[in-house]
Amino acid sequence: MEQFKNYINGKWVAAASGKTYQNLNPADQRDVVGEFPLSDAADIDAAVKACKAVERSWVLTPAPKRGDILRKAGDIFTRRKEELSRIMTREMGKPTFETAGDVQEAIDTCYYAATEGRRLFGFNAPSEMENKMNMSFRMPIGVCGIITAWNFPIAVPSWKIIPALVCGNTVVFKPSDDSPHSANIFAEILEEAGLPAGVFNVVHGAGAAGAALVEHSDVRLIGFTGSTETGKKIAAKCGEMNKKCSLEMGGKNALALMEDGDQALALEGVLWGAFGTTGQRCTATSRLIVHKDIYDEFTNKLITRASKLRLGPGLDPDTEVGPVINERQLAKIEKYIEIGREEGAKLALGGGRDDGPKLGMGCFVKPTIFLDVTPNMRIFREEIFGPVLSVTKAESFDHAIELINDCAYGLSSSMFTSDVNRAFRAIRDIEAGITYINAPTIGAEAHMPFGGVKGTGNGHREGGWTAFEIFTEWKSVYVDFSSKLQRAQIDNY
Ligand code: UN1
């Protein structure tokens, strides 16, 4: 069986304890991807020390030069795109057309960051004094700890790691233990691109490694994507230790279809939004809200079409919907399907594991649709993170907006309407970090701010120009060339 290592200070090393764990292919759990280090605080400490040793030289490397390295990384991601997409599919399940898209998000992020190396603009402002100039600069923060989920093993880490690096930070990356192989390819690519040893490190493992990273006193920032439960714990610890912390947590995203919307388009949108990535996106369409005038007509079409979705291994080119990530997640999804039944929602499609002879060795859940879901039900309110869609009837446009906003989270949202006035009212009134008009809730582009309001995040936005807000701190500079003491707020008024 293939043995994989941590990447610390430019070297591939086992966990100090020698412990390992096995990673399985979710499409066929007899296929072991490999054995990976089960790291702990000692490994995290070694990685942080590696960061600290090179921190100064990386800060002093001009940002455009740092950007050049990331451009090369983008080139290498491009060269290895197909290979990496197959590796990713084997370890986490989604079809190869999706994992290729995942790599593409990293490529886009690298090229964006490469040019940002020549910007990283600051502001200047006039001084209140004579012969004095005021300006401000973006400064790196220091060692950044990056902890991410398995559903986007390359894209989501890249949204954090790549901007962190171009800004002059060093990084310790603790990938999900469900998608560790992709993380090692990430390290190989940065190394080949010319990133100096120690600037970027990968430490594998489970919760203990993540906790050690959050708790390490030399780590100045935590960038996290994952569950709300873990995110809240991280936020509390970062608060206590006075660390900057950027969180990307749950969602319960709704797509609303009005009676004036394009039903054929909405149908394709719902299928992609709800069952793409097997519903395992924080942006997934997990609630569908349909205007009462077209509710029966549309839901009938939806069920007919969704029943034809091809479930299978992601490496099979015919597959439309892959497995879910592991047995634990599958059990959670089955529990929610049970809850939906008990709550009295109408199970119209799917309803559990596919344990037929073809897919029984994998973690397959049949695309599942509940009709007549009401806002008091848990399947309307709680994130399931699987191929389960809850459908609710709206009495009017205003009611649809009310239903969308009746939610503890606020990541993504979508409105299908052909009425331009309604579209703009939706843009204004929906409480979410992302709103799509006539497109499903998934499909964020790497150069736009990404994140959510309410229970989804803590006010930061990854992606685009806003990522650079996370990974820098401002320094204000005053240069006084008057050769005399000028007291602000006093001598000038
Ligand atoms: C996530 O699920 O954590 O917008 C990220 C999208 C993708 C990213 C999803 N580009 O659905």
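We'll stop at a sheet and then at a pair of helices.

A quick note before clicking: this is a predicted model, where local features need pLDDT of at least 70, side-chain atom pairs count only at pLDDT 80 or more, and totals for chains, interfaces and linings use all residues. Residues are numbered from 1 along each chain as its sequence is written, and side-chain values use heavy atoms, with hydrogens and water left out.

**The sheet.** Helices (H or I, at least four residues) and strands (E, at least two) are DSSP runs numbered from the N terminus; two strands pair if DSSP finds at least two bridges between them. Colour the open sheet: seven strands in the order S14-S15-S16-S13-S12-S18-S19, with mixed pairing. Now pick S14 (346–349) and S19 (434–437): each is an edge strand with a single partner, so one side of each has no neighbour in the sheet. From one strand to the next, the twist averages 20 degrees.

Next, select 253–257 (S12) and 285–291 (S13), which run parallel and are joined by five bridges. Zoom in on Ala256, and you'll find Ile289 of S13 opposite.

**The helix pair.** Select H3 (81–92) and H4 (96–116): they pack at about 120 degrees, axes 8 Å apart. Axes are lines fitted to C-alpha atoms, for helices over the stretch in contact, and angles run from 0 to 180 degrees between N-to-C directions.
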